[in-house]
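Thanks for taking a look at this one with me. Please open the model beside these notes and step through the points in order.

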Amino acid sequence: MSTSTSLPSGQAPDPASVDKERRNALIVTCAVGGVGVAAVAAPFLASLAPSERAKAAGAPVEVDLSSIAAGDKLVVEWRGLPVWILRRTPEMLQSIKQVDGEVADPKSLRTQYPTPEYARNEYRSIKPEFLIAVGVCTHLGCSPTGPVAAGASAALGNDPGFVCPCHGSTFDLAGRVFKNKPAPDNLPVPPHKYLSDAVVLIGDDSKA
Ligand code: FES
């Protein structure tokens, strides 16, 4: 089954390039019961004029993180892309430290999919507890699976992480690609900022 979604090089993923039908099959907009996502409702979208619809489709998405259990991943849609929010446990964070020497770009310095400055760190996040990343492989655009537990995948071996089913790229729990894999870069981190301890806004990192 092909799950490829092309990502243009040198810039943020282009939502227009994403195969809508396939993506809809991948996205679970509320993977964790009770998690509130203040996204625009579809019927409302349908009632908007095309230009307003386009604007709404690119609008930031506000997400309540309080109901995501430790170790769980929530997927929301932003600009037509699946954005992962993984609430990492202390053990998950420790696993990231342990693979610093095994990932291709531990400090996220590569520029094909530039990591925002505030996420250019070992955990690739503002708050270590939460990974927020676009769940689209930087090789040819498949959607990796995971989080996969240590020892549960031959591709990852004894490390936990994410596995791309298309050509075997593997990523740690910070979305950093392991060395010698087809994916040229880490999983993209979308612009985002925290509105409070429990609410994050995806798609807007303005300081205003
Ligand atoms: S698309 Fe992920 S490894 Fe090729």
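Is I68 buried or exposed at 2% relative accessibility? I68 counts as buried, because its relative accessibility is 2% and buried means under 20% relative accessible area, with exposed over 50% and partly exposed in between (1.4 Å probe, protein chains only).

Before the points, a word on provenance. This is a predicted model, in which local features need pLDDT of at least 70 and side-chain atom pairs count only at pLDDT 80 or more, while totals for chains, interfaces and linings use all residues. Residues are numbered from 1 along each chain as its sequence is written, and side-chain values use heavy atoms, with hydrogens and water left out.

1. **Overall layout.** The protein chain has four helices and ten strands; these are DSSP runs numbered from the N terminus, with helices as H or I of at least four residues and strands as E of at least two. Along the sequence they follow the pattern α-β-α-α-β-β-β-α-β-β-β-β-β-β. Of the 208 residues in the protein chain, 44% are buried.

2. **Contacts and surface.** Taking contact as heavy atoms within 4.5 Å, 60% of the contacts in the protein chain between residues at least 6 apart in sequence join residues at least 24 apart. The accessible surface of the protein chain comes to about 9,700 Å², and carbon and sulfur atoms account for 54% of that. Accessible areas come from the Shrake-Rupley method with a 1.4 Å probe, and for residues only the protein chains shown count as cover.

3. **Back to I68.** You will find I68 in the loop between β2 (61-64) and β3 (73-78). I68 and R87 are 19 residues apart in sequence, and their C-alpha atoms are 6.7 Å apart in space.

4. **D172.** This residue is in the loop between β8 (170-171) and β9 (192-194), and D172 counts as buried at 1% relative accessibility. Its side chain reaches the backbone nitrogen of A174 at 2.9 Å and makes a polar contact with the side chain of R176 at 2.7 Å. A polar contact here is a pair of N or O atoms within 3.5 Å; within protein, one must be able to donate a hydrogen and the other to accept it, and residues adjacent in sequence count only if both atoms are side-chain atoms. Leaving aside neighbours within four places in sequence, D172 is in contact with I96, V99, V103, P160, G161, F162 and F178.

5. **The aromatic pair.** How many aromatic pairs does a search of the whole structure find? The search finds one. The ring centres of W84 and F162 are 4.6 Å apart and the planes are at 35°, so the pair is tilted. The pair links distant parts of the chain, with W84 in strand β4 (residues 81-87) and F162 in strand β7 (residues 161-163), 78 residues apart. Rings of Phe, Tyr and Trp (its six-membered ring) pair if their centres lie within 6.5 Å; planes under 30 degrees apart count as stacked, over 60 as edge-to-face and the rest as tilted. Both W84 and F162 are buried.

6. **Charges over rings.** The charged end of K73 sits over the ring of W84, 4.0 Å from its centre. Likewise, the charged end of K127 sits over the ring of Y194, 4.6 Å from its centre. The criterion is NZ of Lys or CZ of Arg within 6 Å of the ring centre and within 35 degrees of the ring normal.

7. **The disulfide.** With a disulfide defined as a pair of cysteine sulfur atoms within 2.5 Å, the count comes to one. It joins C142 to C166, S to S 1.8 Å. The torsion about the S-S bond of C142 and C166 is about -90°, so the disulfide is left-handed. C142 lies in the loop between β5 (130-134) and β6 (145-148) and C166 in the loop between β7 and β8, so the pair ties together parts 24 residues apart in sequence. C142 counts as buried at 2% relative accessibility, whereas C166 is partly exposed at 29%.

8. **Backbone points to check.** Most residues other than glycine have a negative phi, and most peptide bonds are trans. A cis peptide bond joins G146 and P147, with omega about 10°, and P147 is in strand β6. R79, not a glycine, has a positive phi of about 50°; R79 is in the loop between β3 and β4. N180, also other than glycine, has a positive phi near 60° and counts as exposed at 79% relative accessibility.
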